[in-house]
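Good morning, and thank you for joining.

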Amino acid sequence: MKIYNPATGKVITTLEADNVKTIKSKLAKIHVQNNAWQQLALDERIAIIDTFKTNLLESKDALTNDLTLETGKPIKESLAEIEGACYRIDYFTAHAKEVLKEEYFNQNTNTQEKLSYEPLGAIANISAWNYPFLVGVNVFIPALITGNHVAYKPSEFASLTGLNIQASLYQSGVPESAFQTFIGGKEVGEALLSEDLDGYFFTGSYHTGRFIAEKVAYKLVPVGLELGGKDPAYVSEFNSDINKVASSLVEGAFYNNGQSCCAVERIYVHTKHYQAFCQAFVDHSKGLIVGNPMDKLVTNGAITRPQHLAFLQDQVEDACQKGAKLLTGGNIIPSEGNFFEPTVLSNVNHSMKVMYEESFGPIIGIQEVKDEHQALTLMNDTQYGLTASIFSDNEEEAKHFMHQLDAGNVYMNCADRVSPFLPWAGRKRSGLGATLSKHGLYAFCKTKGWHFRKA
Ligand code: NAD
């Protein structure tokens, strides 16, 4: 399997992809009967995961380099991703014991009761490329801490990082019987679906997530899906610093070139601020530096998947044909690599693909709204429900508004943010179940209810 650098179009290296035979032999290794990992005390597993974090930090330069080479992500964002992943690991290592502790009930009665947690067994972690460390850590860290064995399938666009993760886990003390990496594309992921695994945890697109859920439904094992989004933001009439709001939303829309599940993808602006906001947003967008992601000054590197350039161009053309105004950008940048201009469209509406289809790129539509009610109706008019935000100086207005947003994560005066203390969960086509927080530990456990009656 050839691994390409999306910033140059050149082959970085060639890897051996897995095939039916290697998939079977790797799965045999992590069969739950090889249960050395499960037999370790929770404290011991936590200590090993803590060592993994230390190893990541110690080798962050090499890891950052590979991540940028294979995804086209700016080098400083690659570093921020590794540091962010370590912060999430810290959450799990610090809180797992408290969350997973046994609970006792009715101690003073004839029948005493206890609740305890057990690992699911061997689970599949089929993962995405846009934040391979972050979305990987959301799954394999709590899965390992709770005693599961993991069949980890990194995206074909983040295979080097996947192998780096495996090497670092082994170096930290995670045994080969607890973690195996499967290299390859769609067919390798699909091969895992018919295997005897005890749970499927997927990060990626709605269509693949739905396919996986349908395919494994007959097994009646847990399925967790972290899928796409079409995340809206509302700039209310109660704003005194439109320039600051525009700067924050440019970051929310264009960080990682918009290739974030929780990137801001639609902006609704109250009439009072519409013109000023559009101008400020364009000004800030023009300050972005598109180019070689290895350059520390670059803010926007390459688009990871070459085929996505035509998809982005189509969204721009569709919007313009239907009456949108192109304020800046709009084009593929001629180059050996995959580059697209940060693009701002105003005068958009919900008949345009850019306002209902996940862009997953540096494109934003800005729509004028007359009041809060119209903003809310438009924001909830989507098949997705991952995040939604309001920018307002009026906290009361913002909180009332947030209650009515149909999304798993709501923000006031910020966006594109994930906290390990809170469940990361999408509604509708954005997902099923949750990762992170205590819910992201329970997701990898079976409960056992104990009833003790004295003879
Ligand atoms: P994708 O669905 O194309 O691929 C994801 C993974 O699934 C890859 O490892 C791929 O090889 C594998 N795969 C593809 N087809 C498969 C099949 N038929 N059977 C089994 N496995 C298969 O998604 P992607 O391009 O890697 O990621 C982008 C998408 O992920 C976006 O929609 C983005 O919003 C979403 N995402 C969501 C979150 C979240 O937390 N909600 C985080 C990151 C990315």
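Domain 1 (2-227 + 430-453) and domain 2 (231-419) each contribute at least three residues to the shell around the ligand; the domain bounds come from an automatic or database assignment. The model is predicted, so local features need pLDDT of at least 70, side-chain atom pairs count only at pLDDT 80 or more, and totals for chains, interfaces and linings use all residues. Residues are numbered from 1 along each chain as its sequence is written, and side-chain values use heavy atoms, without hydrogens and water.

Of the 31 residues around the ligand, those that come nearest are S127, E156, S205, L227 and E358; a residue is near if one of its heavy atoms lies within 4 Å.

Let me turn to polar contacts, meaning pairs of N or O atoms within 3.5 Å. W129 places a polar side-chain atom 2.8 Å from a ligand oxygen atom, and W424 has a polar side-chain atom 2.8 Å from an oxygen atom of the ligand. For E226, a side-chain N or O atom is 3.0 Å from a ligand oxygen. The ligand taken alone exposes 860 Å², of which the protein buries 92%, by the Shrake-Rupley method with a 1.4 Å probe.

Finally, helix 14 (residues 395-403), a DSSP run of H or I with at least four residues, numbered from the N terminus. Buried there (under 20% relative accessible area, 1.4 Å probe, protein chains only) are E397, A398, F401 and M402. Seen down the axis of helix 14, these buried residues fall within an arc of 130°, so they line one face; the arc is taken from the directions from the helix axis to the C-beta atoms. The face turned away from the buried side of helix 14 carries E396 and H403, which are exposed, that is, over 50%.

Terms used:
Polar contact = N/O pair within 3.5 Å; in protein donor to acceptor, adjacent residues only side chain to side chain. Helix = DSSP H or I, 4+ residues; strand = E, 2+ residues; numbered from the N terminus.
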